[in-house]
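Here is a short report on one protein model. Look at the structure first, then read on.

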Amino acid sequence: MELELAGAELRSVLNRLRRAQGQISGVIRMIEEGRDCEDVVTQLAAASRALDRAGFAIIATGLQQCLTDAEKGAGGEGQEQMRARLEKLFLSLA
């Protein structure tokens with residue numbers, strides 16, 4: 001299954017990933033500076049949410065593409081196999 005992100009979808013996912021990247025850099029800096037544990041955990045939770053949202057956006061796009069491919073009869077992979085792969089991907093973020 002090849003994922004194709006275009007236009008607004010791509011920008012949205014990249015923005016979320018860049019936000020997470022900045023937040024993780026902030027967490028590293030906070031730990032190096034000996035900042036308050038509560039502040040560090042709060043920032044780490046924000047980074048985790050940003051990564052989760054990017055992952056869910058990617059999976060949602062993949063689901064949409066797979067459904068479109070299934071309707072067209074494309075792919076060569078059985079619908080049950082595709083469903084199992086997508087379920088595994090989705091659960092990896094849960």
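The report goes from the whole chain to single residues.

## Basis of the model

This is a predicted model, in which local features need pLDDT of at least 70, side-chain atom pairs count only at pLDDT 80 or more, and totals for chains, interfaces and linings use all residues. Residues are numbered from 1 along each chain as its sequence is written, and side-chain values use heavy atoms, with hydrogens and water left out.

## Overall fold

The protein has three helices and zero strands. Along the sequence the pattern reads α-α-α. Helices (H or I, at least four residues) and strands (E, at least two) are DSSP runs, numbered from the N terminus.

Of the 94 residues, 19% count as buried. Buried means under 20% relative accessible area, exposed means over 50%, and partly exposed lies in between (1.4 Å probe, protein chains only). The accessible surface comes to about 6,800 Å², and 55% of that belongs to carbon and sulfur atoms. Such areas come from the Shrake-Rupley method with a 1.4 Å probe; for residues, only the protein chains shown count as cover.

Contacts also tell us about the fold. A contact means heavy atoms within 4.5 Å. Take the contacts between residues at least 6 apart in sequence: 71% of them join residues at least 24 apart.

## Helix α1

Helix α1 covers residues 7-32, which makes 26 residues. From its first C-alpha to its last it reaches 38 Å, close to the 38 Å expected at 1.5 Å a residue. The expected span is 1.5 Å times one less than the number of residues. After α1 comes G34, with a positive phi near 75°.

The buried residues of α1 are V13, A20, Q23, G26, V27 and M30. Q23 has 15% relative accessibility, so this residue counts as buried. Leaving out residues up to four places away in sequence, Q23 touches Q43, A46, A47 and A50. The Q23 side chain also reaches the backbone nitrogen of A47 at 3.4 Å. That is a polar contact: a pair of N or O atoms within 3.5 Å, where, within protein, one must be able to donate a hydrogen and the other to accept it, and residues adjacent in sequence count only if both atoms are side-chain atoms.

## A nonpolar surface patch

L10, L14, L17, I24, I28 and L51 form a nonpolar patch on the surface, with about 440 Å² of accessible area together. Its largest share, five residues, comes from α1. Patch residues have over 30% relative accessible area and no salt bridge; like charges are joined within 9 Å, and nonpolar side chains (Val, Leu, Ile, Met, Phe, Trp, Tyr) within 5 Å. I28 sits in α1. With a relative accessible area of 45%, I28 is partly exposed.

## Salt bridge

How many salt bridges are there? The count comes to one. The rule asks for a side-chain nitrogen of Lys or Arg within 4 Å of a carboxyl oxygen of Asp or Glu. R35 pairs with E33 in a salt bridge, and their closest N and O atoms are 3.8 Å apart. R35 is partly exposed, at 42% relative accessible area.

T42 belongs to helix α2 (residues 37-72). A polar atom of the T42 side chain lies 2.8 Å from the backbone oxygen of E38. T42 and V27 are 15 residues apart in sequence, with their C-alphas 9.2 Å apart.

F90 lies in helix α3 (residues 79-93). At 42% relative accessibility, F90 is partly exposed. F90 touches F56 and I59, not counting residues up to four places away in sequence. F90 and I58 are 32 residues apart in sequence, yet 9.9 Å apart in space, C-alpha to C-alpha.
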